[in-house]
Amino acid sequence: MSLIFPRTGLKAHPLNNAPEYRSTLKRAPSQPLILLPHTLSETSGPVFGHSAVAEGDSDLTRQHAGEPLGERIIVTGRVLDEGGRPVPHTLIEIWQANAGGRYVHVKDQHPAPLDPNFTGAGRALTDAEGRYRFVTIKPGAYPWRNHHNAWRPAHIHFSLFGPSFLSRVITQMYFPGDPLFPFDPIFQSITDARARERLISRFDLDTTEPEWALGYQFDIVLRGREMTPTEEPHEH
């Protein structure tokens, strides 16, 4: 099943050129796009990389010898098409900052400490009902120098793959009640308020495991009026 969908409404997606999000001024196309024909490698490229998805890939808290620092959380939900039908056996990858708001990346110069027991990346396959489940640490907010006193709300990046790299869908999941929402130009670049709400997970007591981890639900709709807003290639 292909994950490619029509861009039905610009208000439901971040703008390519959002003046308040200053780096888009350099990254957004300034000239009309040129259509290039797809080659065989682009239409039939590998989906899972060089290794199969392992059971432990979806638990980001057990990828190292010790326990990572921070609040353990469970993130689960379903991947659906425009008709509410599940999309099974789809690869989902996530990546995120640690509890201090820092990524394991050479270009991340945020002075927050790195956690030797947390890499911040995982992957899973949806089951027959389109459901996925990750165990991870709630990420921290971090500064990003877009403007004076700029901070990104806590978020987790999601990448979904269809039958090829050309059908890749990338989005972000936020947490309910974050006070940074009104001040974040990436979140606010989605001008449709209802579409923005679709990026916010919901706390779910049934997903929570007593004395162990809080639970959040985040469904991803790939097409149609209720589709989850997607990131453009310029996304941070």
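A nonpolar core is a set of buried Ala, Val, Leu, Ile, Met, Phe, Trp, Tyr and Cys residues that are joined through side-chain atoms within 4.5 Å. In the present structure, which is a predicted model, the largest such core contains 23 residues. Among these, Ile92, Tyr132, Phe158 and Leu160 touch the most other members. Several strands contribute to this core: E1 (72–80), E2, E4 (131–137), E7 and E8 each supply at least two residues. Another core, of 15 residues, lies apart from it and includes Ala97, Ala150, Tyr174 and Ala195.

The strands were examined next. Strands of a sheet pair through backbone hydrogen bonds, either parallel or antiparallel. An open sheet is formed by four strands in the order E3-E2-E7-E8, with antiparallel pairing. Strand E3 (121–125) and strand E8 (169–174) stand at the edges of this sheet, and each has a single partner strand, so one side of each is left without a neighbour in the sheet. From one strand to the next, the twist averages 25 degrees. Within the sheet, strand E2 (residues 91–96) and strand E7 (residues 155–160) run antiparallel and are joined by five bridges. One of the residues of this pairing is Trp95, whose bridge partner in E7 is His157.

Further pairings involve E1, E4, E9 and E10. E1 and E4 run antiparallel and are joined by seven bridges; here Gly77 stands opposite Tyr132 in E4. E1 also pairs with strand E10 (residues 214–217), in the parallel sense and over four bridges. In E10, Tyr216 stands opposite Val75. Tyr216 also stands opposite Phe203, and strand E9 (residues 202–203) pairs with E10 in the antiparallel sense over two bridges. Strand E4 is mostly covered, as five of its seven residues are buried.

Aromatic residues form a further set of contacts. The count of aromatic pairs comes to 11. In the pair of Tyr103 and Tyr142, the ring centres are 5.5 Å apart and the planes stand at 75 degrees; planes over 60 degrees apart count as edge-to-face, so this pair is edge-to-face. The pair links distant parts of the chain, with Tyr103 in the loop between E2 and E3 and Tyr142 in strand E5 (residues 142–143), 39 residues apart. Both Tyr103 and Tyr142 are buried.

Residues under 20% relative accessible area count as buried. Tyr132 has a relative accessibility of 1% and therefore counts as buried. Phe158 likewise has a relative accessibility of 1% and so counts as buried. Tyr132 and Phe158 belong, together with Phe134 and Phe218, to one aromatic cluster. A ring contact with a charged residue was also found: Lys138 lies over the face of Phe175, at 5.0 Å from the ring centre.

Arg223 is located in the segment after strand E11 (220–221). With a relative accessibility of 12%, Arg223 counts as buried. The side chain of Arg223 makes a polar contact of 2.8 Å with the side chain of Glu82.

The loop between E5 and strand E6 (151–152) contains Ala150, which is buried because its relative accessible area is 4%. Ala150 and Phe183 are 33 residues apart in sequence, while their C-alpha atoms are 7.7 Å apart in space. Asn149 is placed in this loop between E5 and E6 as well. In contrast to Ala150, which is buried, Asn149 counts as exposed, at 58% relative accessibility. Asn149 has a positive phi of about 60 degrees although it is not a glycine. A positive phi in a residue other than glycine also occurs at Glu211, where the value is near 60 degrees. Glu211 lies in the loop between E9 and E10 and, at 87% relative accessibility, counts as exposed.

Definitions and conventions:
Residues numbered from 1 in each chain as written. Predicted model: local features only at pLDDT ≥ 70, side-chain atom pairs only at ≥ 80, totals over all residues. Heavy atoms only, no water. Pairing = 2+ DSSP bridges. Axes fitted to C-alpha atoms, helices over the stretch in contact; angles between N-to-C directions. Buried < 20%, exposed > 50% of the residue type's maximum accessible area, 1.4 Å probe, protein only. Polar contact = N/O pair within 3.5 Å; in protein donor to acceptor, adjacent residues only side chain to side chain. Phe/Tyr/Trp six-rings, centres within 6.5 Å; stacked < 30°, edge-to-face > 60°. Lys NZ or Arg CZ within 6 Å of the ring centre and 35° of its normal.
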